[in-house]
Amino acid sequence: MAIADLAKSTLGPKGMDKILQSTGRGRSVTVTNDGATILKSLHIDNPAAKVLVDISKVQDDEVGDGTTSVVVLAGELLRQAEKLVNMKIHPMTIIAGYRMAAECARNALLQRTMDNKENTDKFRSDLMNIAMTTLSSKILSQDKEYFAELAVDAVLRLKGSTNLESIQILKKPGGSLKDSFLDQGFILDKKIGLGQPKRIENANILVANPAMDTDKVKIYGARVRVDSMAKVADIEAAEKQKMREKVQKIIGHGINCFVNRQLIYNFPEELFADAGILAVEHADFEGIERLALVTGGDIASTFDNPESVKLGHCKVIEEIMIGEDRLIHFSGVAMGQACTIVLRGASEHVLDEAERSLHDALCVLSQTVNDTRVLFGGGWPEMVMAKEVDELARKTPGKKSHAIVAFSRALQAIPTIIADNAGLDSADLISQLRAEHHKENSTAGIDVITGGLGDMQKRGICEAFKVKQAIILSATEAAEMILRVDEIITCAPRRREDRM
């Protein structure tokens, strides 16, 4: 529960951030609001607490957002369960009740989802709202409209695949967050070699991973004895010849851009420049894989049969400046859905946090493009579920009904915390909200900006159904798993058999 309390204060639009300071060398500092990031970096001894950390990680991988909510909900379920256990109700009974309640809550949500898949304009505005809701609890909340635009544009280019590989996020310190932009091409964070063309149109790109520094004999443990300097010159000439052949083979592919993962020595670089080929060295591994993916080429390591190597293509390669740095920009790439988001910001920490927030938004949006069901946000879904779960508790005979009531209390804890974090009177607000929800089809939720109840439909506060569903199911299962445990036993380490 202590962990849930720790993550609690980051929930909601008015949630605070945490500074994580590592205990290792260098004392690196991260400023974050992302539940998963906070919990991942905690140093925890209690095994039960590790379960909570795991669910937030899974939530992060699965849907990307809602990492804090999962932990808070699981923590609340446990807090309610503790009261029930003290009332001498068996944990199995509680688990059975929770099971029924979770099923009921999910159905309640299913009936209230909206789906604007057919109407593209409406769907786009849904996506914008979801992105803005996701970003409003993060560092980007000041410019959330701007970043929501960026995220929605990037995701709609993916045409429904959830593969975020082709959206590249580049971080460049300097400027302000407002200077970030979305670029339709691919940007490689490298400089163009000396004396090579700065701009190429209709490029054929060979992406490769060979060592281009073999103009030295690399035979370890071998000694070459020569009886005159002329022989040394012969060896050097042979090495140069070997290199020249390799470069000729590469040029033989009919390319005009060569991107290599390892370094390129001055001599081959000079040869490439003579042939009018743009050669890029030391492109990092991620950059290479992305570049191959985006331009539709393969990563080659040998150059003996040019016909079997797939080359990458793009319309224009040119050098651009962002801030102080020069970068290489590939536009008109083969994979139309690729794009690059360039983030600018005051410091590294701001940029890291901006990247995490944007990544959350991108994950949620790409999931929503597949599963287009949308809910309102701001504590609305929790109240809808709590109302239905209460109804169920009244109909259920036996001790299970206590557990079901407890579940609905735990659900109401989320809007309570959102209100608390905004410094509002939560008890008063939640009772008002509950009263509102007893009217049919109410769309009331907590509006932290005005500090009262607000109409979620008018405010455009939306969440993806998939995220909410994942939150309820994983929180219930985690709580169930911890409840099933009656004591923690520390095992002796496994003895090693003597193999002598």
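This report describes selected sheets, helices and salt bridges of a predicted model.

## Basis of the description

Residues are numbered from 1 along each chain as its sequence is written. Because the model is predicted, local features need pLDDT of at least 70 and side-chain atom pairs count only at pLDDT 80 or more, while totals for chains, interfaces and linings use all residues; side-chain values use heavy atoms, with hydrogens and water left out.

An open sheet is built from three strands in the order 4-13-5, with mixed pairing. Helices (H or I, at least four residues) and strands (E, at least two) are DSSP runs numbered from the N terminus, and two strands count as paired if DSSP finds at least two bridges between them. Strand 4 (167–173) and strand 5 (181–183) stand at the edges; each has a single partner strand, so one side of each lacks a neighbour in the sheet. From one strand to the next, the twist averages 25 degrees.

Strand 5 pairs with strand 13 (residues 339–345) in the antiparallel sense, over three bridges. Within this part of the sheet, L182 stands opposite I341 in strand 13. Helix 11 (residues 348–370) packs on the sheet and touches strand 4 and strand 13, where contact means heavy atoms within 4.5 Å. The direction of helix 11 makes about 160 degrees with that of strand 4; axes are lines fitted to C-alpha atoms, for helices over the stretch in contact, and angles run from 0 to 180 degrees between N-to-C directions.

The whole structure contains 23 salt bridges, each defined as a side-chain nitrogen of Lys or Arg within 4 Å of a carboxyl oxygen of Asp or Glu. In one of them, the side chains of D352 and K171 meet at 3.0 Å, N to O. This pair links distant parts of the chain, since D352 lies in helix 11 and K171 in strand 4, 181 residues apart.

K171 also meets E355 in a salt bridge of 2.9 Å, N to O. Here K171 in strand 4 is linked to E355 in helix 11, 184 residues away. How accessible is K171? At 30% relative accessibility, K171 counts as partly exposed; buried means under 20% relative accessible area, exposed over 50%, and partly exposed in between (1.4 Å probe, protein chains only). D352, with a relative accessible area of 24%, is partly exposed, and E355 is partly exposed at 26%.

## Helix 4

Helix 4 (residues 67–86) has 20 residues and reaches 30 Å from its first C-alpha to its last. This is close to the 28 Å expected at 1.5 Å a residue, the expected span being 1.5 Å times one less than the number of residues. Helix 4 is mostly covered, as 15 of its 20 residues are buried.

Just after helix 4, K88 takes a positive phi of about 65 degrees. A network of salt bridges links D5, K8, E76 and R79.

## The hairpin of strands 15 and 16

Strand 15 (residues 444–447) and strand 16 (residues 452–455) run antiparallel and are joined by four bridges. I446 stands opposite L453 in strand 16. The hairpin has four residues between the strands, and G451 takes a positive phi near 80 degrees.

## A further salt bridge

K439 forms a salt bridge with E436, with the closest N and O atoms 3.0 Å apart. K439 is partly exposed at 49% relative accessibility, and E436 is partly exposed at 26%.
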